[in-house]
Amino acid sequence: MLELMGPAGESSTMSGKDQGIKIKAQLHCAVLKWKQALRSSRNESEVTSALGAINSLLSSAKSVSITEGQQRSLKDAFPGERTDTEWRRFQEEFAKSQYISLGQCIIEQLSLDWFSKSGHSGRDGRSFLEEFFLVGPPHDAVMLLCSSVYESSPSFKRNQCLSYLERLLQSGRIADLFWDQCRDQDRIYSVRITATWDKLINLLASLPDKMANTLKTENWDVFLPQQYFKTIAQDLLRTLHRVHQHISDSKDCSLVFVSHLLGKVCLCGHSATIFDLLLPPLLKLSSEDFIWSRICVRLLAGGPERSLEVILDCILRKVPWYGHMSRLLGDTVLNNQKVKFLLTNKFLLLRYSGNDLVLQNLIGYLADSPSRATLVPTVLSMILEAWSDGSALKHTSYEQHLYITKAILICTAHLRQKAIDEHKDALLHIVMRGMQAHLNTPIARLRTLGMVVGESLSKKLTPEVAALSFEYQSDDTSASLLALLTVPEDPGLDSIIGNLKELELGSSQGDTTDNDGDGGKPLRDVSSPAEEELDSDDDLEPCDMSGDTKVTKVKEPVYIRDCMEGLLARDNPDLVEASLRVAEKLIRKKPDNLSEVAVEFSKILLHLEDSYHTEKFTDLKMSGLRALTVLCPVKVATYMTEQFYDRNYNIRQRIDMLEVLSGAAQELSSPGASRDVSPDPTADQLIPINQIPGTENWREIVQKRIDSKTRRFASASKGSPDSSANRFAPVAGHFFFPLMKTYDSPMNTMNLLGGDFFLLGRLVHTLAMVLHAAQNTMICRQMAKSLLEFIWVIRYHTEPYVRQVVMFAVAMVIISVPPHTVTTDLQGDLIECQMWLEDIVERDPEPECKKQAAETILLLQQTINKELKDGEG
């Protein structure tokens with residue numbers, strides 16, 4: 001019996017091969033016959049019959065068995081009786097080998113004359129044509145139609161292909177295309193499909209762009225990106241629902257094609273559009289079912305590596321809470337090295353975002369699982385190293401540094417106690433080094449970042465020790481940074497889906513959610529209207545307290561020596577405050593002995609400290625010093641410039657000296673800007689007769705009579721502005737030259753060319769302001785030349801702040817010196833300055849320095865051009 005079975009099996013195999021060859025031969029003959037009818041037949045019924053037979057062969061793919069009507073239409077091409085299995089083999093072979101060639105033949109024949117021949121009573125050939133593209137293999141149909149549109153010029157054929165493509169997109173056949181790539185196929189068919197993946201993915205991802213280039217102003221709405229990708233998103237979700245059902249039935253399927261297509265769409269620049277539509281339903285579904293979570297992981301992380309950055313960036317920006325990141329990505333960061341590099345390195349150090357949600361989602365995702373939480377201290381140590389680097393602090397933008405600071409604070413909020421115990425010492429060492437770099441910077445907002453991080457990390461890492469505390473000005477930035485130390489809570493799924501646009505699927509069932517009614521109790525009772533009226537204070541008018549004066553326990557000093565003694569009364573804070581408040585007023589009254597006590601008074605104010613937290617202490621102190629310098633410029637300016645290089649002063653006091661000199665120089669140089677305080681009028685003073693009520697000045701009476709008798713034939717000329725002497729011109733040298741004498745001599749308390757670069761910048765700024773105040777004076781040219789020589793030594797200083805101040809000084813020279821002096825006496829110096837500024841524009845790493853250098857060059861060129869035009873005129 002076994003011997004008989006062997007030959008029978010071989011005979012069956014051979015008959016199967018012969019049958020396959022026979023089917024191919026018969027199908028080839030039938031296709032040639034149909035092509036001949038479509039190309040050359042002038043009989044309308046022949047064309048319609050051929051189209052009907054073709055669509056009957058395609059329609060059998062949608063039925064369990066071929067219908068009698070379809071068999072009748074196929075009798076001429078395939079005579080004889082056949083089983084459903086044989087018809088199925090005909091259909092599969094036609095889809096594999098003959099559909100594309102027959103489709104090309106049909107598209108070639110599309111014309112208005114040929115299309116009119118396909119009309120027939122009942123179901124005409126036009127319906128058969130449409131079904132050919134809608135029922136056939138969707139990937140082949142899409143390629144045929146798109147290729148025809150791209151290659152053809154405006155014509156009837158192109159419009160018909162566009163119409164068929166529109167119906168194909170709107171009928172849901174793209175979902176069938178996706179599903180064909182996801183489900184298991186036999187080996188030969190799978191190889192064929194895989195070979196066309198790249199071409200198909202590129203076609204689907206770039207279809208809106210290519211349609212726009214081809215159709216230009218005649219583009220159809222269905223091919224616009226917003227509408228097209230909405231259709232693609234709907235079909236993707238339908239496919240994912242079928243994948244979910246397939247996996248639930250314990251069947252295998254693949255998401256490689258779909259994930260590659262999603263990655264390609266994102267690389268083409270449509271990530272925001274596609275994720276606006278895909279993300280809400282994926283968030284909802286992944287929170288309800290673990291299988292959906294697995295599907296999301298494969299979909300988002302299974303694409304090509306070059307698309308992962310775009311996909312992850314879009315997810316980080318759009319997911320509303322970090323807890324959902326685990327459902328979308330799983331443990332991909334541990335399994336995929338590209339994802340690990342992006343999330344733990346590139347997104348933190350090589351780019352920045354103004355959206356805090358990006359960092360909240362990224363770091364929250366790393367800390368959300370025990371398996372991933374080990375990455376948090378590593379990431380924190382890495383970004384702290386970058387944050388603490390003094391060189392990076394100088395050469396990175398403020399926005400980038402603020403982004404890294406936010407990442408540090410969010411990591412601190414998510415840091416677990418076990419990680420703190422293991423890495424506390426190393427983290428504290430880095431933080432202290434970084435705080436020193438931040439506190440040394442002259443930029444106030446960077447110092448604030450260092451203080452906030454130092455306070456927060458020291459409190460988190462060493463709770464048992466008193467935390468660091470700094471005094472910095474609270475603003476929106478510092479408040480937002482401190483808010484990051486609180487881990488965001490889950491806002492709830494209902495609010496998430498409510499805030500996002502959820503895609504409606506025609507094929508999926510609507511999900512129902514339970515909405516809470518008004519059963520919740522209010523947090524507090526609402527007062528009755530009667531109680532509100534009783535408690536209302538709206539009818540009370542506020543008192544005007546603007547004219548109230550502060551009541552003091554001591555009497556304000558009236559004489560300048562009493563004021564000086566009051567400022568030295570350390571044991572009487574009320575007297576110190578009262579004396580400080582009247583100091584400027586008494587000084588500007590110009591008492592006779594002011595020149596005798598000016599230097600001593602300046603010394604008292606300069607060394608005065610805010611021991612009692614006096615309101616507006618700094619403003620009152622500086623106003624008094626400025627008044628002394630204005631009224632006794634030579635003595636006080638000489639004292640200030642000498643004391644600036646003395647050893648017994650701190651940085652704050654030296655900055656105060658510079659501010660006083662700069663402010664006093666500007667006040668002295670301003671005409672009519674005197675702030676002299678005249679003595680208070682007393683009752684025993686004589687009043688001029690012309691100011692007594694009821695009397696008039698006799699000169700006014702005479703002038704009125706003259707004006708009434710005078711006839712004028714032209715308007716009176718306007719009077720010239722009041723002239724006043726430049727009070728700063730005689731004393732400008734005392735403010736300027738002594739400040740440059742020993743700047744290069746280091747001392748224990750000050751090293752201008754070393755670590756005290758901030759003070760060096762303030763010194764150059766003060767010299768520039770003094771020069772500007774001395775414009776239009778005889779000594780201005782000499783001061784400008786000395787300033788250019790002074791700043792030339794430090795023009796390539798390593799600190800951007802100093803370089804910016806040097807450029808400011810050059811600009812002040814150009815503005816303050818007369819244009820003819822710029823082009824004659826200072827020509828050589830300013831040419832060298834221009835070459836240096838051009839070098840700054842080309843090579844300086846700081847964007848602000850480049851911008852300021854370009855503006856200074858423009859100012860210099862404008863000044864030279866103006867002088868040349870004036871010389872020619």
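Gln360 touches Tyr322, Ile410, His414, Leu484 and Pro488 (contact means heavy atoms within 4.5 Å), leaving aside residues up to four places away in sequence. The model is predicted, with local features needing pLDDT of at least 70 and side-chain atom pairs counted only at pLDDT 80 or more, while totals for chains, interfaces and linings use all residues. Residues are numbered from 1 along each chain as its sequence is written, and side-chain values use heavy atoms, without hydrogens and water.

Gln360 lies in helix H19 and is buried, at a relative accessible area of 11%. Buried means under 20% relative accessible area, with a 1.4 Å probe and protein chains only. Helices are DSSP runs of H or I with at least four residues, numbered from the N terminus.

| Helix | Residues |
|---|---|
| H9 | 173–182 |
| H19 | 356–367 |
| H24 | 417–439 |
| H25 | 444–461 |

In H9, 9 of the 10 residues are buried, so this helix is largely enclosed by the rest of the structure. Among them are Arg173, Phe178, Trp179 and Asp180.

The axes of H24 and H25, lines fitted to C-alpha atoms over the stretch in contact, come within 10 Å and cross at roughly 160 degrees. That makes H24 roughly antiparallel to H25, a term for angles over 145 degrees, on a scale from 0 to 180 degrees between N-to-C directions. Residues of H24 in the contact include Ile420, Leu427 and Met435, and those of H25 include Leu446, Met451 and Leu457. By class, this contact of H24 with H25 has 10 nonpolar, 3 polar and 3 charged residues. Here Ala, Val, Leu, Ile, Met, Phe, Trp, Tyr, Cys and Pro count as nonpolar, Asp, Glu, Lys and Arg as charged, and the others, Gly among them, as polar.

Conventions. Helices (H or I, at least four residues) and strands (E, at least two) are DSSP runs, numbered from the N terminus. Angles under 35 degrees count as roughly parallel, over 145 as roughly antiparallel, 65 to 115 as roughly perpendicular and the rest as oblique. Buried means under 20% relative accessible area, exposed over 50%, partly exposed in between (1.4 Å probe, protein chains only).
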